[in-house]
Amino acid sequence: MKKLILLLLFLSLTSCNLTNEEKKEVSNYIILNSDDSMLFDKNILNVEIQKKITLILNHRGIMGKEVMGHNFVLLKKNTNVENFAIKAMSAKEKDYIPNEHETVAYTKMIGGGESDTITFIIEESGTYDYICTFPGHYRIMRGKLIAN
């Protein structure tokens, strides 16, 4: 028991002195679920800046991606959601991602029973919009990622 307490004390003292590179290796894990009712199960995601973020998008429905596909698209700050979503409707061949320069990260388009995992880092504090870009879904499949 004494050894365990000493180990925990040592770890708590040394973890405060992590370099920026070591801090980036500490991950934020997010599991975001969607389904055939065109909803994400979370509309606010909180993450720490400069730390690796692993996001898993699950599609809990049964419909295929051609009919009820979902993705997670994290937009850069100040990107106009309406304009991006309108452009996305005509980008079917690119999984409805019209311009990668306006995104921070995104999953592939998935159908019922599928999932996709992405890893990314947010460098700057702020509030970022995320949406599903399948045509028409962005109106209700959207949320905010808050990075501090």
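This is a predicted model: local features need pLDDT of at least 70, side-chain atom pairs count only at pLDDT 80 or more; totals for chains, interfaces and linings use all residues.
1. A quick term before we start: a residue counts as buried when its relative accessible area is under 20%, as exposed when that area is over 50%, and as partly exposed in between.

2. The chain has 4 helices and 8 strands, and from the N terminus on they come in the order α-α-β-β-β-α-β-α-β-β-β-β. Buried residues make up 38% of the 148 residues. Among contacts with a separation of 6 or more, 72% are between residues 24 or more positions apart.

3. Now the inside. The largest nonpolar core has 25 residues, and those touching the most other members are Leu55, Phe72, Leu74, Phe120, Ile122, Tyr130 and Leu145. At least two core residues come from each of strand 1 (27–34), strand 2 (44–47), strand 3 (52–59), strand 6 (115–121), strand 7 (126–131) and strand 8 (142–147). Strand 3 gives the most, with 3 residues. Another core, of 8 residues, lies apart from this one and includes Val73, Leu75, Val81 and Tyr138.

4. Leaving out residues up to four places away in sequence, Ile122 touches Val47, Ile49, Gln50, Ile53, Leu74, Val104, Tyr128, Leu145 and Ala147.

5. Gln50 is in the loop between strand 2 and strand 3 and is partly exposed, at 30% relative accessible area. Its phi is near 60°, a positive value in a residue other than glycine. Why flag that? Most residues other than glycine have a negative phi. Tyr96 also has a positive phi, of about 65°, without being a glycine. Tyr96 sits in the loop between helix 4 and strand 5 and is buried, with a relative accessible area of 10%.

6. On to charges. Side chains of opposite charge can pair when their charged atoms come close. The count here is 6 salt bridges. Another joins Asp41 and Lys42, at 3.6 Å. Asp41 is partly exposed at 44%, and Lys42 is partly exposed too, at 31%.

7. Which residue does Glu102 meet in a salt bridge? The partner is Lys87, at 2.8 Å from N to O. Glu102 lies in the loop between helix 4 and strand 5 and Lys87 in helix 4, so the pair ties together parts that are 15 residues apart in sequence. Glu102 is buried at 19% relative accessible area, while Lys87 is partly exposed at 37%. Setting aside neighbours within four places in sequence, Glu102 is in contact with Leu75, Lys76, Thr79, Phe84 and Lys87.

8. Last, a spot on the surface. Ile62, Met63 and Val67 form a nonpolar patch there, with about 330 Å² of accessible area together. Ile62 lies in the loop between strand 3 and helix 3 (65–68). Is Ile62 buried or exposed? Ile62 is exposed, because its relative accessible area is 78% and the cut-off for exposed is over 50%.

Key:
Residues are numbered from 1 along each chain as its sequence is written. Side-chain values use heavy atoms; hydrogens and water are left out. Buried means under 20% relative accessible area, exposed over 50%, partly exposed in between (1.4 Å probe, protein chains only). Contact means heavy atoms within 4.5 Å. A nonpolar core is a set of buried Ala, Val, Leu, Ile, Met, Phe, Trp, Tyr and Cys residues joined through side-chain atoms within 4.5 Å. Patches are made of residues with over 30% relative accessible area and no salt bridge: like charges are joined within 9 Å, nonpolar side chains (Val, Leu, Ile, Met, Phe, Trp, Tyr) within 5 Å. Accessible areas come from the Shrake-Rupley method with a 1.4 Å probe; for residues, only the protein chains shown count as cover. A salt bridge is a side-chain nitrogen of Lys or Arg within 4 Å of a carboxyl oxygen of Asp or Glu.
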